[in-house]
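Subject: Structure handover

Dear colleague,

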Amino acid sequence: MTKPTRKRAPRRKPLDPARQAAFDVLRAVSERDAYANLALPAMLRERGIEGRDAAFATELTYGTCRSRGLLDAVIAHAAGRPPERIDPVLLDLLRLGTYQLLRTRVEPHAAVSTTVEQAGIEFDTARAGFVNGVLRTISSRDEKSWTDELAPSPDVDPVGHAAFVHAHPRWIAQAFTDALGAEAGQLEALLASDDERPAVHLAARPSALTAEQLADQTGGTVGRYSPYAVYLQGGDPGQLQALRDGSAQVQDEGSQLVARALTLAELDGADGGRWLDLCAGPGGKTALLAAIGAASGARVTAVEPAERRAQLVEENTRGLNVEVHRFDGRESGLEPGFDRVLVDAPCTGLGALRRRPEARWRRQPADVPGLAKLQRELLAAAIGLTRPGGVVLYATCSPHLVETVGVVADALRRHPVTALDIRPWFAPTGGLGDGPYVQLWPHRHGTDAMFAAALKVG
């Protein structure tokens with residue numbers, strides 16, 4: 001009697017290298033709170049993924065991370081269940097497939113089939129069928145059709161509508177609206193700028209190299225605002241000779257302007273050359289301060305409590321007149337009397353969302369009060385360490401009013417300080433706001449959304 005043959009399960013085709021890398025980074029972000037902009041480049045190097053495949057993996061990874069809120073809303077509607085009721089691995093697969101369907105030119109069949117095949121490898125035929133059904137439902141309509149149905153009404157909730165369309169949490173869109181103030185009509189442009197891949201900005205170190213020389217060496221373009229800035233359109237800056245020999249560094253032009261502004265502040269009395277960076281890690285602004293100060297013999301004291309970030313400060317300031325201390329800036333024990341003090345305070349980072357694709361979904365409104373408390377304490381400590389007639393420059397990479405003008409207003413109430421009009425120190429940059437503070441914007445200046453305020457002590 002012939003035995004019945006067992007039906008073999010279909011052999012599944014694994015993801016291609018680019019999609020696999022994107023999926024693995026998505027899992028690392030979801031499972032281990034990894035940073036996509038750090039995890040992906042390392043993975044591409046490790047696996048030897050280059051050229052078009054690397055570009056595709058980058059688009060899938062960063063695009064999926066940025067669009068998560070929009071993708072989850074569409075997935076939830078198509079699946080008939082909220083994202084938290086979907087297995088996390090399946091959910092990341094669905095996000096990857098949905099992003100391809102709604103925001104790339106990938107053929108729908110390829111987007112669906114590759115995702116379904118991987119679901120079968122990760123799980124079983126039943127769940128592969130679930131993924132297939134969800135993605136086919138999603139593929140029946142384009143992004144505009146989905147947003148028209150799922151987004152809040154622009155007439156009832158214009159901020160919520162803009163947030164949904166541009167895949168931002170609503171609370172962040174509201175914070176941007178509040179910070180824009182009378183120019184809140186620029187919200188759409190600001191949100192859209194977070195989805196644009198920023199150009200790489202380099203800073204030529206004064207006395208080592210000019211911006212013009214750096215641009216000639218790298219094939220870049222001299223920046224618009226900072227006298228040290230050069231823009232690169234592509235390539236790996238880590239391979240540049242100028243970065244290897246310490247004559248240049250990767251640094252957003254907004255950060256360059258902030259560091260330079262402190263060096264331009266007019267003091268009461270002579271500058272004794274005692275400069276302090278109270279929140280120094282990873283050391284980019286510290287290095288530029290020290291490079292500028294070298295001409296006048298200034299010495300920069302850098303404070304950074306986190307060991308790894310302190311090591312980065314040491315690496316990034318090698319060869320410069322910088323002394324690095326590892327302790328909390330709020331209780332530094334340093335001898336007061338500094339002439340110039342920078343407080344580039346820890347913050348929500350809402351001004352650099354274009355550089356950190358998953359950050360908009362990782363941050364929560366509950367993070368703001370604790371950070372604002374830390375910012376107030378650090379600014380108070382900085383004021384106490386500054387000599388009468390010296391200047392403290394407070395900066396954040398966030399436009400959130402609680403972290404910016406709120407912190408400065410608290411210092412003005414509690415301490416013997418006077419706010420200075422900082423805008424002239426950012427010339428020739430325009431569109432900085434009504435003063436005396438400065439707010440940079442990615443959609444307006446092409447920089448991170450840096451805030452800066454200057455306080456004279458005594």
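This is a predicted model: local features need pLDDT of at least 70, side-chain atom pairs count only at pLDDT 80 or more; totals for chains, interfaces and linings use all residues.

Helix packing around α7

Two packed helices are described by the angle between their axes and the distance between the axes. For helix α5 (residues 88-103) and helix α7 (residues 125-139), the axes come within 10 Å and cross at roughly 30 degrees; angles under 35 degrees count as roughly parallel, and α5 and α7 are therefore described as roughly parallel to each other. The crossing in which α5 passes α7 is right-handed. On the α5 side the contact is made by Leu-90, Leu-94, Gly-97, Thr-98, Leu-101 and Leu-102, while α7 contributes Arg-127, Phe-130, Val-131, Val-134, Leu-135, Ile-138 and Ser-139. Sorted by class, this contact of α5 with α7 holds nine nonpolar, three polar and one charged residues.

Helix α6 (residues 108-122) also meets α7, with axes that come within 8 Å and cross at roughly 160 degrees. Since angles over 145 degrees count as roughly antiparallel, α6 and α7 are therefore roughly antiparallel to each other, and their crossing is right-handed. Here Ala-111, Val-112, Thr-115, Val-116, Ala-119 and Gly-120 of α6 face Arg-127, Ala-128, Val-131, Asn-132, Leu-135 and Arg-136 of α7, a set of residues that divides into seven nonpolar, three polar and two charged.

Four strands form an open sheet with antiparallel pairing, and their order is β2-β3-β1-β4. The strands at the edges, each pairing on one side only, are β2 (221-222) and β4 (248-250). Between β2 and strand β3 (residues 229-232), which run antiparallel, there are two bridges, and Thr-221 has Tyr-231 as its bridge partner in β3. Helix α12 (residues 211-218) packs on this sheet, where it touches β1 (200-204), β2, β3 and β4, and its direction makes about 20 degrees with that of β3.

A mostly covered helix

Lastly, helix α15 (residues 284-293) is mostly covered, with nine of its ten residues buried. Those buried residues are Lys-285, Thr-286, Ala-287, Leu-288, Leu-289, Ala-290, Ala-291, Ile-292 and Gly-293.

With kind regards

Key. Residues are numbered from 1 along each chain as its sequence is written. Side-chain values use heavy atoms; hydrogens and water are left out. Axes are lines fitted to C-alpha atoms, for helices over the stretch in contact, and angles run from 0 to 180 degrees between N-to-C directions. Angles under 35 degrees count as roughly parallel, over 145 as roughly antiparallel, 65 to 115 as roughly perpendicular and the rest as oblique. A crossing is left-handed if the near helix is turned anticlockwise from the far one by less than a right angle, and right-handed if clockwise. Contact means heavy atoms within 4.5 Å. Ala, Val, Leu, Ile, Met, Phe, Trp, Tyr, Cys and Pro count as nonpolar, Asp, Glu, Lys and Arg as charged, and the others, Gly among them, as polar. Two strands pair if DSSP finds at least two bridges between them. Buried means under 20% relative accessible area, exposed over 50%, partly exposed in between (1.4 Å probe, protein chains only).
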